[in-house]
Amino acid sequence: QHPRTSAETVDHVVNNPTKYDTNTKFRAGFGDQISQHTIHSVVTNPHADEMVRNGAVYNKRMGEHTKKWILDNAEKESGGSVTHTS
């Protein structure tokens, strides 16, 4: 959350999660420095680090495309029909 933390640093944490503790990974996903593209990549990748994903899922910067993906995916997993397609 340091003001001089760059998007590149966040991407490094996201791409190398085994090097960082739980708190650092969550903050990387939740912080203001993460890009919408990275949020989408983390949220939609089933192999992404769980703590980074947990932060990204609640990130206020999440784009509409990712929100739609979450809704559609939740419906598929629950056996419901997809109603949020464009």
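Guide: The largest pocket holds about 180 Å³ of space. The model is predicted, so local features need pLDDT of at least 70 and side-chain atom pairs count only at pLDDT 80 or more, while totals for chains, interfaces and linings use all residues. Residues are numbered from 1 along each chain as its sequence is written, and side-chain values use heavy atoms, with hydrogens and water left out.

Visitor: What makes a space a pocket, and how is its volume defined?

Guide: On a 1 Å grid over the protein atoms alone, a pocket is an open set of points with protein on both sides within 12 Å along at least five of seven lines, whereas a cavity is a set where a 1.4 Å probe fits but cannot get out. Grid points are joined across faces, edges and corners, and the volume is the space filled by probe spheres set on the points.

Visitor: Which residues line the largest pocket?

Guide: Lining residues have an atom within 4 Å of a point. Among them are Asp11, His37, Asn45 and Asp49. By class, the lining has 4 nonpolar, 6 polar and 2 charged residues; here Ala, Val, Leu, Ile, Met, Phe, Trp, Tyr, Cys and Pro count as nonpolar, Asp, Glu, Lys and Arg as charged, and the others, Gly among them, as polar.

Visitor: Which helix gives the largest share of this lining?

Guide: Helix 3 does, with 4 residues. Helices (H or I, at least four residues) and strands (E, at least two) are DSSP runs, numbered from the N terminus. The chain has 5 helices and 0 strands.

Visitor: Why is aspartate 49 called buried?

Guide: Buried means under 20% relative accessible area, exposed over 50%, and partly exposed in between (1.4 Å probe, protein chains only). Aspartate 49 has 19% relative accessibility, and therefore counts as buried. Aspartate 49 is found in the loop between helix 3 and helix 4 (50-57).

Visitor: Why is methionine 51 called partly exposed?

Guide: Methionine 51 is at 24% relative accessibility, so this residue counts as partly exposed. Its place is in helix 4.

Visitor: What makes the pair of aspartate 49 and methionine 51 a polar contact?

Guide: A polar contact is a pair of N or O atoms within 3.5 Å; within protein, one must be able to donate a hydrogen and the other to accept it, and residues adjacent in sequence count only if both atoms are side-chain atoms. The backbone nitrogen of methionine 51 lies 3.0 Å from a polar atom of the side chain of aspartate 49.

Visitor: Why is asparagine 59 called buried?

Guide: Asparagine 59 counts as buried because its relative accessibility is 4%. Its place is in the loop between helix 4 and helix 5 (64-78). A polar atom of its side chain lies 2.9 Å from the backbone oxygen of glycine 29. For the backbone oxygen of phenylalanine 30, the distance to a polar atom of the asparagine 59 side chain is 2.9 Å.

Visitor: What makes a group of residues a nonpolar core?

Guide: A nonpolar core is a set of buried Ala, Val, Leu, Ile, Met, Phe, Trp, Tyr and Cys residues joined through side-chain atoms within 4.5 Å. The largest one has 12 residues in all, including Val10, Ile39, Val43 and Met62. Helix 1, helix 3 and helix 4 each give two or more residues to this core.
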